Amino acid sequence: MQGTAHEAIFMNNPGKWILPTAYDIFMMKMVHVRFAPSPTGYLHIGAARTCLINWLFVRHHKGKFILRIEDTDTARSSDKMSRGIIQALTWLGLDWDEGPIFQSKRIEIYRNKAEELVRKGKAYYCYCLPEEIQKRKKEALDSGKNWIQDRRCLRISPEEKRCFELHKKPRAIRFLVPEGEINYNDLIHGHICVQNENIEHFVLLRSDGLPTYHLSVVVDDIEQKITHIIRGDDHISNTPKQILLYQAFGVEPPEFAHQSLILGKDKKKLSKRHGVSSVLQFKEDGYLSLAILNFLAQMSWSPGEERIYSLDEMVNRFSLEKRAKGNPVFDLSKLDWLNGQLISAMTADELFPYVKTELKNANLWQDKYAKEQKEWFFRLLNLLKERSRKIKEFAVRGRPFLSDDFEYGPSGVEKYLNDKRLEELMQKLMRDFKEMQTFTAENIEHALRKRAEKEGLKAAFFIHALRMLILGMSVSPGIFDVVELLGREKTIRRVNAYFKNNPG
RNA sequence: GCCCCUGUCGUCUAGCCUGGUCUAGGACAUCGCCCUUUCAAGGCGGCAACACGGGUUCAAAUCCCGUCGGGGGCGCCA
């Protein structure tokens, strides 16, 4: 009933309608979706994308979003990683309505469910050691046979079994895969069919009493009334196993949607190997969360025009059916562009907290930028934002504005500060600056061009040299704005200081 | 080896379901020009793709079959 009704609503298949009760309608409309990371590492970019897709879907359908931490692999999971994942999600702005629910606190429940399946004859005890199975698997494969699972413990004699139990031989619980085939309709891929004979008798409960992924995920998804499971393509082959489990528990399976996997440049599934860092590393590197979100969302999805979308806009436009099936390759150049677009479009006010953090890290921050020099500081932000692609660049490009402690770029010195008459000419320009009534960009430009004309030189001669002298770099915002912002006194002081320290 | 998924410019994608309007559109990157004071930004332009082979059809990127390529899975990991 549930599945059919969902199909009717979400697959646009009105032919399948049957009359639901009021309760059914309520349940049908309430989409329950979960994001279930495993805290065996930081939240990496692929997982963040999965979370985003789930989040967009559930917000679009005004459902409930559950965060579940799948930490049944006690050896590899850690609290620290859980906290890191939560921190990353918070930074991205992907909020949840329930949880985090830790599976490690529910072990007893899974254990009982596994035993229940054994009692029902849908699962069985397996006394094989993992090493034994591995050996048998290798032998089968080496002799050219296909290996699924030899189901040895299904056939052991009662005597043998009694003996194993007597000696307390460790036992796991395996699922007894019935004959037949599994069909399901993937919301992204369409119809998928797998023969049960190709599904191994997978383990539900390990010999140490801890559940495996398949068991815990299905038990939780049932209990938490998950209606849509949206995850990576790497789970496609797990889905039939899980559907089998739903059937064994007598529950209608939810809808499944498997989305493409992000690939590295070598076309392999993106992983730590590719040096692609955690979500939080992107934050460190000066990316804005909205840029990351746009970047991730627009892999396998095209919301329309090529631009930045707010989360609300993405939520409105989102649809699983519009998702592309092919695996996208991870390429930072678009992210950089997106980030640059965002920065340029931000107001100084919006930029302020980000840049403040960055400047603090670079030891360039002073409290006066938030107080008496706030207006000046905002002017600086507006000048720098046009040509910045990452927040980090504000510290680099902004340094000579904020501190006298900066370097002179050697190639720029070589190129623009080598003229024999430079000092003399610059002193003349500085005199012009001193005589100026109001020190504005307009007046500065006028004075500089006039000076150049008098000396029979191109304005560019003064412009490039002046930029090097006062900023130490050959790249900056428009020089007249720069000089105005830096101020008359500091400009003259820097020019003089340079010649004093570099005589001749 | 077996099973499943997938295949449009270098990259991200639109188009595919509902064949003709596709000499395949956009964006990023790249190249060139303009603007100019450097770098960006902006404007204009260039390069660049339907994996291949069969079919169906008056007509195929679009439908069917096959081949090849790519990815994922085949754990007492999740």
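The model is predicted; local features need pLDDT of at least 70 and side-chain atom pairs pLDDT 80 or more, while totals for chains, interfaces and linings use all residues. Residues count from 1 along each chain as its sequence is written, and side-chain values use heavy atoms, without hydrogens and water.

**Exercise 1.** Work out which strands pair with β2 and in which sense.

Solution. 
- Locate β2 at residues 64-69. Strands are DSSP runs of E, at least two residues; helices are runs of H or I, at least four.
- Pair β2 with β1 (residues 32-35): the two run parallel, joined by 4 bridges. Pairing takes at least two DSSP bridges. R34 is opposite I66.
- Trace the link: from β1 the chain passes through helix α3 (residues 45-60) to β2, a right-handed β-α-β crossover. Right-handed means that, with the strands pointing away from the viewer, the path from the first strand over the helix to the second runs clockwise.
- Turn to β3 (residues 98-102): 3 bridges join it to β2, also parallel. Here I69 partners F102.
- Check burial: β2 is largely enclosed by the rest of the structure because 5 of its 6 residues are buried (under 20% relative accessible area, 1.4 Å probe, protein chains only).

**Exercise 2.** Find which residues touch the most other members of the largest nonpolar core.

Solution. 
- Define the core: buried Ala, Val, Leu, Ile, Met, Phe, Trp, Tyr and Cys joined through side-chain atoms within 4.5 Å.
- Read off F377, F401, M426, F433 and L466, out of 108 residues.
- Separate the second core: 41 residues, including I182 and F256.

Terms used. Chains lettered and ligands numbered in written order. Buried < 20%, exposed > 50% of the residue type's maximum accessible area, 1.4 Å probe, protein only.
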